[in-house]
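The points below may be read alongside the sequence and the model.

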Amino acid sequence: MVWLLGLLFLLLASSSNACDRCIHQSTAAYYSANSPTSNGWGACRYGFWAMEISQDFYTAAMPSIYRQGATCGACYKVRCKDRRLCTTKGTKVVLTDQNQDNRTGFVLSKKGFSAMARKGNIQKLLNLTSIDVEYKRIPCEYKNKNLTIFIQDWSKVPYYFSIKFLYQGGQTQILAVKIAQVGSSKWGYLNRKYGAIWETNKVPEGALQLWMKIVTSGFKEKWIMANNIIPADWKSGLTYDMGTQFKDIAQESCPPWECGDQPWI
């Protein structure tokens, strides 16, 4: 009997390391205003890009989900648990901000929140202060879009270089970013300033290339080189297509009964 219990424990432990769709329980409210944040920026510092990359299906999340900006740009499926008011389909949202008051796990855009309602029940759902939800992380998909960088307005050649990543696909997390002059082997690290912003005050001369370290399938990590370069005459306030896209799916650790490969609760 003891060895059977030990075997069962090992099976459960191994299963908990092989799920890419862990289902979690939480609560959700929605933004009353059309802007994703009160100041238009948000903790991820996407600014107006929050609405662009999410097509107005955006969300703020509590600190344990926001993880100091590591999940900025991550996609989640959120589903209301009130079957009288909501469908079983749920809504897909992009994380663009941190929920500062921490009273609910998520604060969805009004559009994203309303999308959970059954036909004819949108206003009834909006009348609620908060609702119980279950959620899981899902891969981000941007049709005909590569990973793109936006060079922050305060960047200046050759003293300071600051970027944010847009249209980050897959179910990944950027752990580190390196930069170098094209053709050079002298790579320097960018620092994560906050949210989706990476920066350096050691800007190489000439055209630039980026090298990104991401969490990939399973819990593994790998470096990915951007296919496109940043031109020598780069300018702040512009976007640059990196010519590559992430399609990897990083996994979480959770018990088998919380894995999203099973039917939703």
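This is a predicted model: local features need pLDDT of at least 70, side-chain atom pairs count only at pLDDT 80 or more; totals for chains, interfaces and linings use all residues.

1. Arg-67 is found in the loop between helix H3 (63–66) and S3. Its relative accessibility is 42%, so Arg-67 counts as partly exposed.

2. The backbone also contains a cis peptide bond, from Val-157 to Pro-158, with omega near -5°. Pro-158 is placed in the loop between strand S7 (148–151) and strand S8 (161–166).

3. Which side chain does Arg-79 contact? Arg-79 belongs to strand S3 (residues 75–80), and it counts as buried because its relative accessibility is 6%. Its side chain makes a polar contact with the side chain of Glu-134 at 2.7 Å. The side chain of Arg-79 also reaches the backbone oxygen of Thr-88, at 2.8 Å.

4. Asp-248 may be considered next. This residue lies in the segment after strand S14 (239–241). With a relative accessibility of 16%, Asp-248 is under the 20% cut-off and therefore counts as buried. A polar contact of 3.2 Å links the side chain of Asp-248 to the side chain of Lys-222.

5. Strand pairing can be followed from strand S1 (residues 24–30), which runs antiparallel to strand S6 (residues 131–138) and is joined to it by five bridges. S1 also pairs with strand S5 (residues 106–108), here in the parallel sense and over three bridges. Ala-28 takes part in both pairings: it stands opposite Ile-131 in S6, and its bridge partner in S5 is Phe-106.

6. How many cavities of 30 Å³ or more are there? The count comes to two. The largest cavity holds about 90 Å³ of space. Its lining includes Tyr-46, Cys-72, Phe-165, Gln-168, Arg-192 and Trp-198. By class, this lining has seven nonpolar, four polar and one charged residues.

7. Where does the largest cavity lie? Domain 1 (24–137) and domain 2 (148–241) both give residues to its lining, so the largest cavity lies between them.

8. The second largest cavity has about 40 Å³ of space. Its lining consists of Tyr-46, Ile-53, Cys-72, Gly-73, Tyr-142, Phe-165, Leu-166, Tyr-167 and Gln-168. Seven of these residues are nonpolar and two are polar, with no charged residues. At least three lining residues come from each of domain 1 (24–137) and domain 2 (148–241). Tyr-46, Cys-72, Phe-165 and Gln-168 are found in the lining of the largest cavity and in that of the second largest cavity.

Note on methods
Residues are numbered from 1 along each chain as its sequence is written. Side-chain values use heavy atoms; hydrogens and water are left out. Helices (H or I, at least four residues) and strands (E, at least two) are DSSP runs, numbered from the N terminus. Buried means under 20% relative accessible area, exposed over 50%, partly exposed in between (1.4 Å probe, protein chains only). A polar contact is a pair of N or O atoms within 3.5 Å; within protein, one must be able to donate a hydrogen and the other to accept it, and residues adjacent in sequence count only if both atoms are side-chain atoms. Two strands pair if DSSP finds at least two bridges between them. On a 1 Å grid over the protein atoms alone, a cavity is a set of points where a 1.4 Å probe fits but cannot get out, and a pocket is an open set with protein on both sides within 12 Å along at least five of seven lines; lining residues have an atom within 4 Å of a point. Grid points are joined across faces, edges and corners, and a volume is the space filled by probe spheres set on the points. Ala, Val, Leu, Ile, Met, Phe, Trp, Tyr, Cys and Pro count as nonpolar, Asp, Glu, Lys and Arg as charged, and the others, Gly among them, as polar. Domain bounds come from an automatic or database domain assignment.
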